[in-house]
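Hi,

Here is the structure I promised to pass on.

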Amino acid sequence: MSLLASSSAPTPLYAIYQARWGFSPITVTVVFGVYAVAVLVALLVFGKISDHVGRRPVLFVALIGQTAAMATFITAGGVDALLAARVVQGLSTGAAVGALGAGMLDLDARRGGFLNSFAPTIGTASGALVSGLIVQYLPAPTHLVYYVLLGVFVLQALAVTGLNETVGRKPGALASMAPEFKLPRSARASVAIAAPVMFAVWALTGLYGALGPALIRTLVHSNSVVWGGLPLFVLAGSAGLAVVLLRKAATRSVMLIGIGSLVVGVVITLVSIGSGTGGTPSVIGFFVGGAISGFGFGSGFQGGIRLVVPQVEPHERAGVLSLLYVVCYMGLGVPAVIGGVLVVHGGGLVRTSWEYGIAVIVLALAALAGLVLSGRRVEHVAVVRPETGPATVSVPEAAPLARTSSQG
């Protein structure tokens, strides 16, 4: 929760930074996108290292990196420092998510799986909203939220030193840092089905994180930073609700609900945006569309993870989870940066939002086609491996959510 809260905390502040330092909308999306790129690099380099050195050392170093990122935000005096803070933040988060997700599954496959899907969405939602409230109503608007997060990370780093390790050390740590796209054969078919869904839902998150604050301020005709954090809060909060409500649904049903909700929600959002003139109906429709889209985000994300994780052995979890996050963060970062370029050099904010939304719908429909063509294989993806314990036993069609992992 804290890792994802820190990633969304700068979102309401972008307008203040932009006014203070005079940069363009392209820079806003680059600042947003560079975080995703840093996460990708960390996932590729450090994604499997906790399988070799243990979960606890990786988490400790990642939390120290987060404190350094918060300190950089606090002392930032320009775009260069802002970019540096986002890079450090992204590297730290990317190093942590594979170890954290695998570690929670090590402890308890059922509860750890559920919380690994639920906590990131709540973290993203709370980070955006609380940051907006702090910036709007408390002193030191560009510093206080980072001081709070810095304190949280220091306390968590101290707490991690007292955790029990969940995996034993094994050789090959340095070799594991060589980037490679390698999946266990048992998980390849499931990843091929899940990847388009996960890319699409995270591309939507990129839209709300990068362009959402500017869009809502255009619709409500207000410069309040609280409005800037609300779109991402609604999206992520609804995603968390989807995780809770659909935790006992069959995997195929969860993914179909996710795709359908995503398409319907984006259509409502685009209709609400209209020409960008705003008004009460447009604002209401924008948030209703965001809530429905967020439900699609939460269900599509957890459905993809549920499809893949039961296919791998415990010692393969961190690497496979990291690879899935590569797909997610590609969807988060690349379309957002392209959107920023189009805002400046294309048709402007409203037209770019329409183009972005249509692209997300096309991705979702492509994912639907892959899911339909896959047939009912989705309901029988779990393979019985008695020797590996409860994390990899077969999952009945109506079994509760028990094998998910964290985000970002």
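Below is what turned up, starting with the whole chain and then going place by place.

**The whole chain**

One thing to keep in mind as you read: this is a predicted model. What is the chain built from? Its secondary structure comes to 16 helices and 0 strands. There are 408 residues in the chain, and buried ones make up 58% of them. If you take the contacts between residues at least 6 apart in sequence, 86% of those join residues at least 24 apart. The accessible surface comes to about 15,100 Å², and carbon and sulfur atoms account for 71% of that.

**Salt bridges**

How many salt bridges are there? The count comes to 2 salt bridges.

One of them joins D106 and R55, with 2.9 Å between the closest N and O atoms. D106 sits in helix α6 (residues 79-107) and R55 in helix α5 (residues 55-75), so the pair ties together parts that are 51 residues apart in sequence. The two partners are covered as follows: R55 is buried at a relative accessible area of 4%, while D106 is partly exposed at 24%.

The other has R351 and E355 meeting side chain to side chain, at 3.2 Å from N to O. Both belong to helix α16 (residues 348-374), where being 4 residues apart puts about one helical turn between them. R351 is exposed, with 53% relative accessibility, and E355 is partly exposed, with 33%.

**Aromatic rings**

The chain has 8 aromatic pairs. F286 and F287 make an edge-to-face pair, with the ring centres 5.7 Å apart and 85° between the planes. Buried or exposed? F286 is buried, with a relative accessible area of 1%, and F287 counts as buried too, at 18%. These two rings also belong to a cluster, which Y208, W227, F286 and F287 form together.

T142 is in the loop between α7 (109-137) and α8 (144-160). Despite being in a loop, T142 is buried, at 5% relative accessibility. What does T142 touch, once residues up to four places away in sequence are set aside? The list is L13, I16, Y17, R20 and F73. The side chain of T142 also makes a polar contact, at 3.1 Å, with the side chain of H143.

H52 belongs to helix α4 (residues 50-53) and is buried as well, at 14% relative accessibility. A polar atom of the H52 side chain lies 2.9 Å from the backbone oxygen of P171. P171 is also among the contacts of H52 beyond four places in sequence, which are G168, R169, K170, P171, G172, A173 and S176.

**Positive phi angles**

Where does the backbone take a positive phi?

- G274, which follows α13, has a positive phi near 55°.
- A140 is not a glycine, yet its phi is positive at about 50°. A140 is in the loop between α7 and α8 and is partly exposed, with a relative accessible area of 37%.
- H221 is not a glycine either, and its phi is positive at about 55°. H221 is in the loop between α11 (212-220) and α12 and counts as exposed, at 59% relative accessibility.

How does the span of α13 compare with what its residues should give? The helix has 23 residues (251-273), which at 1.5 Å a residue should span 33 Å, and its end C-alpha atoms are 33 Å apart, so the two agree.

Helix α12 (residues 225-245) includes L245, which is exposed at 55% relative accessibility. The C-alpha atoms of L245 and S299 are 9.2 Å apart, although the two residues are 54 apart along the chain.

Cheers

Notes: Residues numbered from 1 in each chain as written. Predicted model: local features only at pLDDT ≥ 70, side-chain atom pairs only at ≥ 80, totals over all residues. Heavy atoms only, no water. Salt bridge = Lys/Arg side-chain N within 4 Å of Asp/Glu carboxyl O. Helix = DSSP H or I, 4+ residues; strand = E, 2+ residues; numbered from the N terminus. Buried < 20%, exposed > 50% of the residue type's maximum accessible area, 1.4 Å probe, protein only. Phe/Tyr/Trp six-rings, centres within 6.5 Å; stacked < 30°, edge-to-face > 60°. Expected span 1.5 Å × (residues − 1). Contact = heavy atoms within 4.5 Å. Areas by Shrake-Rupley, 256 points an atom, 1.4 Å probe, with all protein chains shown as cover. Polar contact = N/O pair within 3.5 Å; in protein donor to acceptor, adjacent residues only side chain to side chain.
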